[in-house]
Amino acid sequence: MRVGLLGLGRIGVFHAATLAGLADELVVSDVDRSRAEEVAARLSATVGDPFDADAVVIATPTSTHAEALDRACQLGVPAFCEKPAAPTAEETLRVAETVERTGAVVHIGFQRRFDAGYLAARDALRSGDLGVLHRVHLITADPAPPPAGYIPLSGGIFRDCHIHDFDILRWVTGREVDTVYATGANRGEEYFAEAGDVDTSAAILTMDDGTLATLQGSRYNGAGYDVRMELAGTRGAWAAGLGGRTPLRSAEGFAPDGDPWPDFQARFEEAYVAEMTAFLEAARGERESPCTVRDALAALYVAEAADLSRRTDRPVRVTEVTK
């Protein structure tokens, strides 16, 4: 396959290295042509129009995603796009309608769906090993905050960071979120509060079958990158993301036996490869898109509800923000 890659920031370069081992030919593009030429030379790729390909991977800033997806749909080029599909729910809905009208293949990047731990937890729940699910706990904690200039453009911690938790919660449980009660605090740099955001987050989510989920997050988890999901049912309990590199120590003596995960790329490296492989299979017509724009929209609605809940200090039903 000839695969195009648009955008060579941090995640774009990461995807380029993955695609160099999966695609027959890789074409890269970036607003900084010298950067594109450097990456192309290093990976034996070429610089050119990424849409002149059998499939395209979109790794540009969020504000450009909808326009790039529109172009892919118009050209009939299968597209992978990093989350979100668009900055707002209204625009994401429009993109979803465009995809459905044109019949385009579009995969939105939620790599946790391809992580072995989350897959095993989903299978355990679906097979009945956990019994009736009663509660879920989700954690996303970054070891250090992003740059100050990023925060005002991020959409806030629930849209930027926890949208992955909201997606994996829906995907693993097979249920929808009904109500969110979210809060947050600022314990670090002032630029979070100045942007109307928080650096520490928590929420209670009630699913449509009554299952309770709790969520917590941090931009200042100095011990390392920590992403986990715990599921407890009437017959058993499972944890995804609890292993030898989880930055967590027990007062009873348990300690990691390896270096803590430094960032999301190291933690989910294998999942990213599996995700890109799945996208290329979908682009070849061998399977359906494993994560549609509608999936991304559903997670974004939960994030919108969480943000509204934090700002108004009250529980918010997801239907309040659904378009």
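Visitor: What distance separates the centres of domain 1 and domain 2?
Guide: Keep in mind that this is a predicted model. Taken over C-alpha atoms, the centres lie 26 Å apart.

Visitor: And which residues make up each domain?
Guide: Domain 1 is 2-110 + 273-291, while domain 2 is 112-267 + 298-320.

Visitor: How do you know how much area is buried between domain 1 and domain 2?
Guide: You take the accessible area that the two parts lose on being put together, summed over both. Here that comes to about 1,300 Å², with carbon and sulfur atoms giving 63%. On the domain 1 side, Arg10, Lys83 and Phe110 supply 48% of what is buried against domain 2, more than any other three residues.

Visitor: Why is the pair Lys83 and Asp160 called a salt bridge?
Guide: The closest N and O atoms of Lys83 and Asp160 are 3.6 Å apart. The cut-off is 4 Å between a side-chain nitrogen of Lys or Arg and a carboxyl oxygen of Asp or Glu, so the pair qualifies. Across the interface, the rule finds two salt bridges.

Visitor: How many residue pairs are in polar contact between the domains?
Guide: Six, both partners being at pLDDT 80 or more. As for where domain 1 touches domain 2, the elements giving two or more residues are helix 1 (10-20), helix 4 (89-102), strand 6 (106-109) and helix 11 (269-283).

Visitor: What classes of residue does that side of domain 1 have?
Guide: Eight nonpolar, four polar and three charged residues.

Notes. Residues numbered from 1 in each chain as written. Predicted model: local features only at pLDDT ≥ 70, side-chain atom pairs only at ≥ 80, totals over all residues. Heavy atoms only, no water. Domains from an automatic or database assignment. Buried area = accessible area lost by both parts, 1.4 Å probe. Polar contact = N/O pair within 3.5 Å; in protein donor to acceptor, adjacent residues only side chain to side chain. Helix = DSSP H or I, 4+ residues; strand = E, 2+ residues; numbered from the N terminus. Nonpolar A, V, L, I, M, F, W, Y, C, P; charged D, E, K, R; others polar.
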